[in-house]
Amino acid sequence: MPPANRNEPRRARSSSSDYSVTEFLRDFPDDAACLDYLWRTRHSADGEHAHCPKCDCERVFRRYATKQQRQSWTCTACGHHVHPTAGTIFHRSSTSLRLWFHAMYLMTSTRCGISAKQLERELGVHYKTAWRMFNRIRTELMNDEDEPQLRGEVEIDETSWGGRPRRPIKDRRERAMWRENRTTVLGMIERGGRVRLRVIESRRGEPLSRAVRTHVNPSAFMLTDDWPAYKPLRREYDWAVINHSAGIYVEGNVHTNTIEGFFGNLKTGMRGAYKHVSDKYLQSYLDEFAWRHNHRHAGYRSMFHELVGEAARQ
Ligand SMILES: [Zn+2]
């Protein structure tokens, strides 16, 4: 094992991770280290002073050893307990903090995600426990419902979800019908920036335009293909259309290659990591994928801290 000092040579840029599992385990060797991290991020920068809600001022807090090994710090003036996990997904969880942190480490140190099956193998937890942890991390920490709207040049496209047709469908009408019965995912991506993915009820009309209005700022410049459902939005956004149905895919700066490329990676990545995702949970998997894309510049170490920080902000 490498020595625990900060002067280790930096890992090569091409390395797939800049936060090795060795480093992670050194930072968070046990439940106490994870709890201390939450205490310091949520309540006490120096680990000793914190605001006591009961005294309504800053006090010295201590962690007293108790028989049940209480997960709290105590105000030395009034005896009030502060629980660093209160209000987070970790609170009253029968799964240990160390496992939660490890699950978040694994989710932020892979390019395409990790399945509950893999987590079961790596951490030796039951499959159901692993799945439940992942599901809560996805739905509660990675959802982008409150993120600011997309701006700038935004490419928008829809894609069908749920496998390919069993045989190639030549007939145009038949192909359209097949597509009609698939789940539709709407993708909106800022060129060089963030992505937003949404499962929508239908690729036509209101559900599609409603999703665009919710997630794309009116100041944005929209780029889409000539699918008719985008038409009502023409009055509300500056807009360029690429005429896919006439076989044109790029016209100068006008194309939807960014979002189409993203869909390609998304499908390959999801197939690789998860095999099959049911419609019920699809949105949360999309959120995870988008979250990773939107934090891609941060590097794995800060992605991990970002995610734990999200839990601490709850
Ligand atoms: Zn107090």
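Is C55 buried, exposed or partly exposed? The views below treat this residue together with its surroundings.

This is a predicted model, in which local features need pLDDT of at least 70, side-chain atom pairs count only at pLDDT 80 or more, and totals for chains, interfaces and linings use all residues. Residues are numbered from 1 along each chain as its sequence is written, and side-chain values use heavy atoms, with hydrogens and water left out.

**View 1. Accessibility of C52 and C55.** C55 counts as partly exposed because its relative accessibility is 21%. C52, at 0%, counts as buried. Buried means under 20% relative accessible area, exposed over 50%, and partly exposed in between (1.4 Å probe, protein chains only).

**View 2. The zinc site.** The zinc ion has the protein donors C52 (SG), C55 (SG), C75 (SG) and C78 (SG), 2.2 to 2.4 Å away. Donors are N, O and S atoms within 2.8 Å of the metal (3.2 Å for Na, K and Ca); water is not among the atoms, so sites may look incomplete. The site is tetrahedral, with angles of 105 to 116 degrees among its four donor atoms; four donors count as tetrahedral if all angles lie between 85 and 135 degrees.

**View 3. The sheet.** Four strands (DSSP runs of E, at least two residues) form an open antiparallel sheet in the order β1-β2-β3-β4. Strands pair if DSSP finds at least two bridges between them. β1 (49-52) and β4 (81-82) are at the edges with a single partner strand each, so one side of each lacks a neighbour in the sheet. Two bridges join β3 (residues 73-75) to β4, and T74 has H81 as its bridge partner in β4.

Terms used. Four donors count as tetrahedral if all angles lie between 85 and 135 degrees; four count as square planar and six as octahedral if opposite donors are over 155 degrees apart and all others between 65 and 115; anything else is irregular.
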